Amino acid sequence: MKRFYGVSSIPTTKLFINGKTVESQTTEWIDLYNPATNELVTRVPKSTKAEMDAAVSSAKEAFKSWSKTSILTRQQIMFKFQNIIRQNMKSLAENITLEQGKTLIDAEGDVLRGLQVVEHCCSIPTLQLGETLAGVAKDLDIVSYRVPLGVTAGITPFNFPAMVPLWTIPVAITCGNTHVIKPSERDPGACMMLVEMLQEAGCPPGVVNVIHGAHAAVDFICDHPDIKAISFVGSDTAGKYIYERGSKNGKRVQSNMGAKNHGVVMADANKENTLNQLVGAAFGAAGQRCMALSTAIFVGEANDWLPELKNRAQQLKVNAGNVPATDFGPVISPEAKKRIEELIQSGVDEGAKLLLDGRGLVVKGYEKGNFIGPTILTNVKPNMRCYKEEIFGPVLVCLSADTLDEAIEIINSNPYGNGTAIFTNNGATSRKFVGVNVPIPVPLPMFSFTGSRGSFRGDTHFYGKQGVHFYTQVKTVTQLWRDSDVTHSKAAVAMPVMQ
């Protein structure tokens, strides 16, 4: 399933408009490199204004019929879609590893977590149940139900090329909307494969369209009057901009942004489990997760565990994502690598101890790759830049606290609020946290994402019930049916068939 690449000597990524892959007519391109080798993989177009207008026009036209399809029809497409995704998990993972750099097993996890949202959308008849109250007054009934918004849009990040598009597309369209999505220009291949699979599942042309680009494409989505809602996952700067610009244009916006997730380590925790969890959550996917456990606070005697933490981190194998037994691969770009290394150095300059330094790592056979080894900074203080900024790399920042209350005060003083966890065997202690002995407390799709404070802008979250609420609006119908108007007709004895 590779039709999204063009046929020129330099491969080009195509658009997807009105059910067809389309070669862009742009004169502006973004080169996409394999992070493990920095070899050119494809050229991604900056969609022209005409192409983006065509995508929205296609979605607007498709909405006229798609919004009138029965909920059972949409459900059947989701059943087929999830089955096709499952059959193509390995090819999706290979594309993610090629364009994004994560290991094949981690890439399959990326797909699986998105697939779970698709599977949850198969229960859309239950998710969209309305409310009714009969006999409000004599012969008067009131019925409340949810209706789609119209054309919606998604803007997704580079770190989860399959999962995050699957946070938006299935929920939006099963609710009866149409969708225009702009995947990250750094790794759009997985999204392109997914929309082709959706078409194979029976989704009509125009229901989902894909555009590409950077700032101009974002502004287009924020400004276009026919787009009613925007879902965004990505950086702070972009997230705040999209929320403000989209909201000013009267759109619904959900914007999931930066994070500084904390893990509190208590001395009564299971040491073996805790250290393994810390290493996996801090360094997995090269730390390029919005829910990565990038900050650990060791309380009291738990500080004595730091040498063992270092030993476990040193055992991790860093290599290209397609190499067997690799624990994590490269970061996304040379620019990202440079920024991460600068933030590590800033910690050293401000007085932190570099317990483990992953800079300067050269991987044999992949000498030009964007590799950084596991890095641990200790004696970090809340005023340090390495603590205040999201590093988004394989770096664990460690702080110390004398008591649990002190640790909680540090966490609550941080502006971010994506997720936090505690490692303990004390039940009363655990009640204060959203993650208990679980380092990455990402809710499953039947629950909604729960980022808050500086990590989220908007009123309604991704997937789950809140996702359905985001992509629909309530319509309330008041009905007067008089008993005196009752009529009778011949009984039908055949089993009714619903479509």
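## A salt bridge between D357 and R359

The side chains of D357 and R359 come together in a salt bridge, with a distance of 3.0 Å from N to O, in a model that is predicted.

Within the pair formed by D223 and R245, the closest N and O atoms of the salt bridge are 2.5 Å apart. This pair links distant parts of the chain, since D223 belongs to helix α8 while R245 belongs to helix α9, which covers residues 236-248, and the two residues are 22 residues apart. D223 has a relative accessibility of 34% and is therefore partly exposed, and R245, at 27%, is also classed as partly exposed.

## A link across the sequence: D226 and K60

The count of salt bridges in the model comes to 16, and one of them is formed by the side chains of D226 and K60, at 3.4 Å from N to O. D226 sits in the loop between α8 (215-223) and β10 (227-233), whereas K60 sits in helix α1 (residues 49-66), so this pair ties together parts of the chain that are 166 residues apart in sequence.

How accessible are D226 and K60, in relative terms? D226 has a relative accessible area of 21%, which makes this residue partly exposed, and K60 is likewise partly exposed, with a relative accessible area of 43%.

Is α7 largely enclosed by the rest of the structure, or largely open? Of its 12 residues, 10 are buried, so the helix is largely enclosed by the rest of the structure. Among the buried residues of α7 are G189, A190, C191 and M192, as well as L194, V195, E196 and L198. After α7 comes G202, a residue whose phi is positive, near 110°.

Key. Residues are numbered from 1 along each chain as its sequence is written. This is a predicted model: local features need pLDDT of at least 70, side-chain atom pairs count only at pLDDT 80 or more; totals for chains, interfaces and linings use all residues. Side-chain values use heavy atoms; hydrogens and water are left out. A salt bridge is a side-chain nitrogen of Lys or Arg within 4 Å of a carboxyl oxygen of Asp or Glu. Helices (H or I, at least four residues) and strands (E, at least two) are DSSP runs, numbered from the N terminus. Buried means under 20% relative accessible area, exposed over 50%, partly exposed in between (1.4 Å probe, protein chains only).
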